[in-house]
Amino acid sequence: MPLTPFNIPTAHHLIGGTWTPANATIPVSDPSTGSPLTTIGRGTQADIDAAVTAAKNALDGAWGAMTALDRGRILTRIGKAVLTHVDALSELESRDVGKPLTQAHADAVALARYFEFYGGAADKITGETIPYQAGYTVYTLREPHGVTGHIIPWNYPMQIIGRSVGAALAMGNACVLKPAEDACLTAMAFGQIAIDAGLPAGALNIVTGLGAEAGVALSSHHEIAHMSFTGSVSTGEVIQAAAAKNVIPVTLELGGKSPQLVFDDADLDQALPFLVNAGIQNAGQTCSASSRILVQRGVYKKVCDRMSEAYRALKVGPATDDLNVGPLISAGQKAIVMSFLAKGADLTIAAQGQILTDAAGHYVPPTLFSDVPPDHPLAQDEIFGPVQVLIPFKDEAEALRIANSTKFGLVASVWTMDGGRQMRLAKALKSGQVFINNYGAGGGVELPFGGVGKSGHGREKGFEALYGFSTLKTVAAWHG
Ligand code: ADP
């Protein structure tokens with residue numbers, strides 16, 4: 001399979017609608033085998049400067065002059081074009097991220113769906129009129145910020161481009177995207193698809209490279225008007241500090257330790273696939289992974305037995321074999337996850353999945369721990385690997401206390417047939433999203449998504465994102 005489909009040259013940046021050769025390169029390896037895969041451009045301050053200038057030119061030119069209707073039409077066309085390339089995008093993502101093909105396919109379809117959604121939404125955001133003093137007419141205008149910066153991680157490049165770049169373009173911003181150095185091939189492919197679908201030059205610019213170089217150059221650039229970041233808490237702190245210096249708004253999505261609360265009256269047949277999949281999807285490298293399963297004592301043993309059975313059946317192998325779980329993204333990520341497994345040496349392992357390959361990829365066994373104390377590091381810290389902990393609880397009050405006991409708050413779910421309990425917990429859980437009798441890692445395209453606490457702030461997805469990617473102007477006209 002060519003690694004540069006869509007005729008994209010390796011090690012180039014997309015600046016002002018043209019693929020520009022990079023001055024230096026970074027090697028990229030295949031997480032499933034550890035072997036070299038390709039090289040990408042190592043972007044510099046000068047590349048970021050050029051990308052920001054191209055974005056400004058787009059705002060001063062055809063893109064900035066376009067009506068919301070026409071922007072929406074282009075976004076919708078991009079969504080349709082992505083759908084025609086779903087298989088190629090899935091294969092590329094699978095090789096680059098180590099994601100099983102079926103999961104990569106779901107990401108490509110979601111990317112298309114974001115552009116369909118935001119294409120339709122572009123001309124539906126309105127201002128309001130405000131009753132004021134006699135002789136005045138007052139109204140508000142929703143306007144783009146200008147040049148928006150987008151720094152994204154390696155775990156879901158396509159989905160995060162969809163939710164972040166899709167919403168920003170819908171509101172008429174011009175974007176500079178810095179994908180993660182570990183996985184940026186589908187971002188580049190997407191850039192070409194967008195151009196082919198008619199996105200004006202400079203509306204989307206892509207500079208690949210290292211966080212410490214291209215990432216810092218972008219997040220601290222004084223002509224960026226809004227910064228959107230998805231990644232680790234420590235990098236989020238740096239991004240927010242840089243945004244503070246330039247006094248610009250920032251959206252941060254920084255991961256979590258999302259719990260599922262299973263009560264004695266839960267429908268376990270319905271719950272079981274969600275309990276397991278939410279932990280092992282994308283090898284647990286998901287911001288909204290559910291890594292804590294809190295279970296009421298009356299069904300604790302049953303849930304532990306059934307989840308253990310499901311874990312023992314999990315198959316781990318190369319991404320293109322499309323098993324349940326692929327490799328982790330890198331040797332570094334594997335070392336982090338293995339260090340957490342070592343920290344769990346004092347705990348009980350209820351069950352593990354099976355690694356079915358001898359390949360030199362970054363494989364770890366999916367691992368389910370039982371009877372984990374709620375304050376144990378495995379129950380408090382984000383692991384970003386296929387590891388879940390089972391924690392028993394006595395009653396609703398204890399479940400809530402445990403669920404709210406971490407520094408994160410991204411997603412939670414409640415499994416119970418008691419309607420009052422559903423409503424009480426939906427209010428009391430400290431979380432950006434609460435699911436009742438289901439669990440959607442991150443939820444759908446339509447559902448506002450983001451965290452509280454160290455999970456970040458600001459909301460992406462759904463209509464809500466369009467408010468974040470725009471600014472409000474109040475116009476007060478005195479006419480007597
Ligand atoms: P992860 O641990 O998931 O790799 P990071 O937060 O390190 O998460 O990386 C997410 C994205 O942030 C990547 O695109 C990376 O290149 C970028 N990045 C890392 N460090 C910085 C930084 N200091 N400034 C700006 N971007 C950064």
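I took a polar contact to be a pair of N or O atoms within 3.5 Å. The model is a predicted one, and I kept that in mind throughout. With that cut-off I went to glutamate 181: an N or O atom of its side chain is 2.6 Å from an oxygen atom of the ligand. I then checked lysine 178, where a side-chain N or O atom also lies 2.6 Å from a ligand oxygen. Isoleucine 152 uses its backbone: an N or O atom there is 2.8 Å from an oxygen atom of the ligand. I counted the surroundings next. The ligand has 18 residues around it, and Ile152, Lys178, Glu181, Ser232 and Thr235 are the closest.

I looked up the largest pocket and noted a volume of about 740 Å³. Its lining has 32 residues, and those closest to the centre are Phe229, Gly231, Ser232, Val233 and Thr235. Which elements give two or more residues to this lining? I listed α8 (211–219), β10 (226–230), α9 (233–246) and α12 (331–343). By residue class, I found 16 nonpolar, 10 polar and 6 charged in the lining.

**Three-stranded sheet.** I traced an open sheet of 3 strands, in the order β5-β6-β22, with antiparallel pairing. β5 (129–130) and β22 (470–478) are at the edges with a single partner strand each, so one side of each has no neighbour in the sheet. I followed β5 into β6 (residues 136–144) and found 2 bridges between these antiparallel strands. Threonine 129 has tyrosine 139 of β6 as its bridge partner.

**Hairpin.** I finished with β1 (residues 12–15) and β2 (residues 18–21), an antiparallel pair held to 4 bridges. Leucine 14 is opposite tryptophan 19 of β2. β1 and β2 make a hairpin with 2 residues between them. What is the phi of glycine 16 in the turn? I noted a positive value of about 60°.

Terms used:
Residues numbered from 1 in each chain as written. Predicted model: local features only at pLDDT ≥ 70, side-chain atom pairs only at ≥ 80, totals over all residues. Heavy atoms only, no water. 1 Å grid on protein atoms, 1.4 Å probe; cavity = no way out; pocket = protein on both sides within 12 Å on 5 of 7 lines; lining within 4 Å. Points joined across faces, edges and corners; volume = space filled by probe spheres on them. Nonpolar A, V, L, I, M, F, W, Y, C, P; charged D, E, K, R; others polar. Pairing = 2+ DSSP bridges. Near = heavy atom within 4 Å. Polar contact = N/O pair within 3.5 Å; in protein donor to acceptor, adjacent residues only side chain to side chain.
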